[in-house]
Amino acid sequence: MLTLIVCIFSAAILLFVQTRLYAALDAQLGLQIATIGKVYREEPDELADLASEWGITLFRVDDAGGIRQQTEAWAREGLSSPLQPGDSASPLSWTAPSGRRYRVHSLTGSSYRVAAAIDETSLRDTLWTLAVILATGIPFAAGLAVAGGYFLAGRVLAPVGAMAQKAREITAESLAKRLPVDNARDEFGQLATVFNDTLFRLQDAFERLRRFAADASHELRTPLTAMRSVGEVALQSPLDAVAYRDVIGSMLEEVDRLTRLVESLLILTRADSGKIHLVPEDLDLGRLAGNVIDQLHVLADEKRQELTLRVPIRVHATADAALIRHALMNLIHNAIKYTPNGGAITVEVNATAKRAVIEVRDTGPGIPIAHRDRIFDRFYRVDASRSREEGGVGLGLAIARWAVEANGGQIELASEGTDGSLFRVMLPAADDSSAADGHRRVPHELRRGTQEAASS
Ligand code: ADP
């Protein structure tokens, strides 16, 4: 492109200079003709002195009587031949038989004709020299541009090379490495920053994945070790049928635990890979909560706990029934697990202006505020041994959070102290939710196993 531009530019310069030089030459020629004409008309005898006085060496004057005056050089070069007899001619360039080029011009008066010529060899030499300079300059300029471009591009793109080199060194094992950022404000700096941010997120995701795998293996090992030691002890000495039944019973308990753990892991893994497709539907949350309570009341009964459902208004939400059910099941099950015998658990379904709210409150030990941020993390437990004792696998709240957030909701631990726990689930209310409809309020307080739970 640059070569093309330089070529066009050079040609334009050459054309411009040529036009200007010829214009100057023609003006000089015109002046000479005017001078010759004037001398011819006013002092025709002095025509012969024009060469010596004015330096006009190439001219000819014709009048009715034939050639009136003609310089010797004019006659020698035969400069009359390009001119039409009797006509005025515009300036024209002509090559004499001697090889020299002349600019010839003639002007016809009433009874005479004046013709003059100027040798244009020096003008052509000038043009030729200019053409040679331009022609040799073009490859030089192109070469310089290529070399300069190569050098500059090399310098400008050097950071990209460095980044590529560094990026090549980054593997799954060295995700902590970062690309060099010379200037965070230029384009390469921005690119490196974006790349580094991506690396940070990847590192974080890898880290969580590693921790998850390590925690999961640890959790899987615990029941397996328990089963193994129970089995080994049983094999050490012969036992009676009742003792064998006990051994099998405790092994089955561990198998149950393992099954729950594997199922939870499966849910989370499928959730992570986005393989669970939500089927949002219009849910009556009071009815759903009643349904879950109905399933869990046996556990609460065993611990002589009071399990209450409060549904002051009918609340609808658009969400996936199975997931919300799973989340509620985990929350209420936790409340039963961690609340001591004789405690109370209250589930309340209510609504604010735009949200459906489900609260699960218990009179258990509560969760200290220090654990609030991490309580929904996978395998995080406030009291690990207590949780294991209760058969917990440490994934219940993580699954509940995923289930609620997948449905566009939020889950939070609303209690702060050790005076019972309060978990709050907020879901986007369905458009036709009666949250704002005062007239559809159905105040009722349901105990476990009420007709609402039963009807569902
Ligand atoms: P787990 O299977 O151990 O119950 P979760 O993810 O369901 O796992 O709960 C994480 C931890 O949060 C539990 O180990 C327990 O320490 C604490 N926790 C959850 N719910 C309650 C509750 N209602 N009262 C007291 N502690 C709770």
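**Note on the pockets and the ligand site**

1. Because domain 2 (187-273) and domain 3 (280-448) both contribute residues to the lining of the largest pocket, that pocket lies between them. The domain bounds come from an automatic or database domain assignment. The model is predicted: local features need pLDDT of at least 70, side-chain atom pairs count only at pLDDT 80 or more, and totals for chains, interfaces and linings use all residues. Residues are numbered from 1 along each chain as its sequence is written, and side-chain values use heavy atoms, with hydrogens and water left out.

2. The volume of the largest pocket is about 1000 Å³. A pocket here is an open set of points on a 1 Å grid over the protein atoms alone, where a 1.4 Å probe fits, with protein on both sides within 12 Å along at least five of seven lines; lining residues have an atom within 4 Å of a point. A volume is the space filled by probe spheres set on the points, which are joined across faces, edges and corners.

3. There are 46 residues in the lining of the largest pocket, and Asn-334, Lys-337, Tyr-338, Gly-392 and Val-393 lie nearest its centre. Helix 8 supplies the largest share, nine residues. Elements giving at least two residues each include helix 6 (241-272), helix 8 (321-338) and strand 10 (355-362). Helices (H or I, at least four residues) and strands (E, at least two) are DSSP runs, numbered from the N terminus.

4. By type, the lining of the largest pocket holds 19 nonpolar, twelve polar and 15 charged residues. Ala, Val, Leu, Ile, Met, Phe, Trp, Tyr, Cys and Pro count as nonpolar, Asp, Glu, Lys and Arg as charged, and the others, Gly among them, as polar.

5. The second largest pocket holds about 520 Å³ of space. Its lining has 19 residues, with Arg-208, Phe-212, Asp-272, Arg-378 and Arg-401 closest to the centre. Helix 5 gives the most to this lining, six residues. The lining of the second largest pocket has ten nonpolar, no polar and nine charged residues.

6. The ligand is surrounded by 21 residues, the closest being Asn-334, Tyr-338, Ser-387, Gly-394 and Leu-397; a residue counts if one of its heavy atoms lies within 4 Å. Polar contacts are pairs of N or O atoms within 3.5 Å. An N or O atom in the side chain of Tyr-338 is 2.7 Å from an oxygen atom of the ligand, and a polar backbone atom of Gly-394 is 2.7 Å from a ligand oxygen atom. A nitrogen atom of the ligand lies 2.9 Å from a polar side-chain atom of Asp-362.

Note on methods
A polar contact is a pair of N or O atoms within 3.5 Å; within protein, one must be able to donate a hydrogen and the other to accept it, and residues adjacent in sequence count only if both atoms are side-chain atoms.
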